[in-house]
Amino acid sequence: MALELPLRYRHWIYVWIPLAAGAMWFSTLLAMLIVWLASGRPKYPSQDGKIAYISDVGASNLKPLFVTGCAITGVGFILTLITERLLRHTGRLMPNQRKRELVLSYLAIVGSIIGAVGLLFLSIFDTKRFSRAHRVFLLIFMLGVALSAIFTILQYRYVSKDYHGLKALKRAYIVKAVIATTLILCAIAFGIALYQAQDVGAILEWIIAFGFTFYLLSFHYDLRLSKNVERGQLKAYKHGLNHSYSPNGTGTHTDMTQLV
């Protein structure tokens, strides 16, 4: 007889996806920053200011690391959103009450795909050899992530509004909104500084990049809400049974805030 994983551990396989993606992205950036600092802050051929951009370091002998880190991070980002959608569909996370949340969920996945493709290709088309293409893909990456974040936040906002008693959902979208708004504002400032103040732009790029790690890690909290939840258990909420539901039909209230 095959051993079945205990219910309290079944969320593990999901929560590791954003953790792995975030760790990969953070480690890649940290390694590149350390190498640049340890090398005496050299000025790369593609570098204009005193402070190197991530793309300047990524166009050097660290390009294989940069490409690998971007590829794994992008795939992890996409898989995280797909996993979140599947968990809502199967009732292990709060299901979407209306069609609009479902549409927003799919749009968020599309945004993540756009962002991941932009991230991969900006690392391949480095700023040293393909300056114009690199900036185009950088814009695509930022735009894709921004759209994905906006659609995700809107979806969470509507879902938490439908299930207003579940503070865990409200907490999830508020945290994402704060992180995403901060990164978007920094991205706008970065776009201006890129042509007006090179060193300021470089600092902002490092801040935005490291900040993206926190956005990825925020999904760990979201997916962890599936802890101790059976497949299909939360579908009852979709039919207005949120005040008297339990998987065994005993009428026990299921409090999602206790599942984290």
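How many aromatic pairs does the structure hold?

## Basis of the report

This is a predicted model, in which local features need pLDDT of at least 70 and side-chain atom pairs count only at pLDDT 80 or more, while totals for chains, interfaces and linings use all residues. Residues are numbered from 1 along each chain as its sequence is written, and side-chain values use heavy atoms, with hydrogens and water left out.

## Aromatic pairs

The structure holds 13 aromatic pairs. Rings of Phe, Tyr and Trp (its six-membered ring) pair if their centres lie within 6.5 Å; planes under 30 degrees apart are stacked, those over 60 edge-to-face, and the rest tilted. The ring centres of phenylalanine 77 and tyrosine 215 are 6.3 Å apart with their planes at 75°, so this pair is edge-to-face. Phenylalanine 77 belongs to helix H3 (residues 63-89) and tyrosine 215 to helix H7, so the pair ties together parts 138 residues apart in sequence. Helices (H or I, at least four residues) are DSSP runs, numbered from the N terminus.

Phenylalanine 77 is buried, with a relative accessible area of 2%, and tyrosine 215 is buried at 1%. Here, buried means under 20% relative accessible area (1.4 Å probe, protein chains only), exposed over 50%, and partly exposed in between. Phenylalanine 141 and phenylalanine 212 form another edge-to-face pair, 5.8 Å from centre to centre with 90° between the planes. Phenylalanine 141 lies in helix H5 and phenylalanine 212 in helix H7, so this pair ties together parts 71 residues apart in sequence. Trp25, Phe77, Phe141, Phe212, Tyr215 and Phe219 form one aromatic cluster.

## A charge over a ring

Lysine 176 lies over the face of phenylalanine 219, at 4.1 Å from the ring centre. A charge sits over a ring if NZ of Lys or CZ of Arg is within 6 Å of the ring centre and within 35 degrees of the ring normal. In H6, Lys176 is among the buried residues, which also include Ala172, Tyr173 and Ile179.

## Helix H6

The 30 residues of helix H6 (residues 167-196) should span 44 Å at 1.5 Å a residue, and the end C-alpha atoms are 43 Å apart, which agrees. The expected span is 1.5 Å times one less than the number of residues.

Notes. Helix = DSSP H or I, 4+ residues; strand = E, 2+ residues; numbered from the N terminus.
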